[in-house]
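Good morning, everyone, and thank you for making time for this. Please bring up the sequence and the model together, so that you can follow along while I talk.

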Amino acid sequence: MNKKDEFVRKMHSELDQWNNEIDALITRADKAEEQVQTEFRQQIEALHGKRDEVHKQLYELEQASENAWEDMKLGIEMAVGDISEAINSAISRFK
């Protein structure tokens, strides 16, 4: 397996993990008080947007040539850091 394929596989695994964490946040939001639910829902929508952007970038990377994917990798890594931080923030905020 080449580096590009390994990276893509790793990113898909992270997307799956984020989906599970977002689903857990949705479950917690459903059980929260109304005011907290609103805040929860806003954060969840933002997380969905960030996740969808990473998914789009990952699709574009999968379609890229072997030479071009290295250039795209940095942008995805930055987006991954951003969404990971956002998810961790939401989890700790709504404990």
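What you see is a predicted model, in which local features need pLDDT of at least 70 and side-chain atom pairs count only at pLDDT 80 or more, while totals for chains, interfaces and linings use all residues. Residues are numbered from 1 along each chain as its sequence is written, and side-chain values use heavy atoms, with hydrogens and water left out.

Let me begin with confidence, since pLDDT is the predictor's confidence in each residue, from 0 to 100. The protein averages 87, and 100% of the residues score at least 70. Helix 1 has the highest mean, at 90, and helix 3 the lowest, at 86.

Now to the overall layout. The protein has three helices and zero strands, so to read it from the N terminus is to read α-α-α. Its C-alpha atoms fill a box of roughly 50 × 20 × 20 Å along the principal axes. Of the contacts with a separation of 6 or more, 69% are between residues 24 or more positions apart.

I will take the helices one by one, and for each I compare its reach with an expected span, which is 1.5 Å times one less than its number of residues. Helix 1, with 29 residues, reaches 43 Å from first C-alpha to last, close to the expected 42 Å. Helix 2, with 30 residues, also reaches 43 Å, close to the expected 44 Å. Helix 3, residues 66–93, has 28 residues and reaches 40 Å, close to the 40 Å expected.

Where does helix 3 bend? It bends by about 35° at Met 72, the bend at a residue being the angle between axes fitted to the seven residues ending there and the seven starting there.

Next comes burial, where buried means under 20% relative accessible area, exposed means over 50%, and partly exposed is in between, with a 1.4 Å probe and protein chains only. Buried residues make up 31% of the 95 residues in the protein. In helix 3 they include Trp 69, Ile 76, Ile 83 and Ala 90, and the buried residues of helix 3 pack against helix 1 (3–31) and helix 2 (34–63). The buried residues of helix 2, among them Phe 40, Leu 47 and Leu 58, pack against helix 1 and helix 3. In helix 1 the buried set includes Phe 7, Trp 18 and also Lys 4, and what covers the buried residues of helix 1 includes helix 2 and helix 3.

This leads to the nonpolar core, meaning a set of buried Ala, Val, Leu, Ile, Met, Phe, Trp, Tyr and Cys residues joined through side-chain atoms within 4.5 Å. The largest one has 24 residues, of which Trp 18, Leu 47, Leu 58, Leu 61 and Ile 76 touch the most other members. Helix 1, helix 2 and helix 3 are the elements that give two or more residues to this core. Leaving aside residues up to four places away in sequence, Leu 58 touches Val 8, Met 11, His 12, Leu 15 and Ile 76.

How many aromatic pairs are there? The rule is that rings of Phe, Tyr and Trp (its six-membered ring) pair if their centres lie within 6.5 Å, with planes under 30 degrees apart counted as stacked, over 60 as edge-to-face and the rest as tilted. The count comes to one aromatic pair. The ring centres of Phe 7 and Trp 69 are 5.9 Å apart and their planes stand at 40°, so this pair is tilted. Because Phe 7 lies in helix 1 and Trp 69 in helix 3, the pair ties together parts that are 62 residues apart in sequence. Phe 7 is buried at a relative accessible area of 8%, and Trp 69 is buried at 3%.

Gln 43, in helix 2, is buried with a relative accessible area of 18%, and beyond residues up to four places away in sequence Gln 43 touches Ala 90, Arg 93 and Phe 94. Glu 21, in helix 1, counts as partly exposed at 22% relative accessibility.

Conventions: Helix = DSSP H or I, 4+ residues; strand = E, 2+ residues; numbered from the N terminus. Contact = heavy atoms within 4.5 Å.
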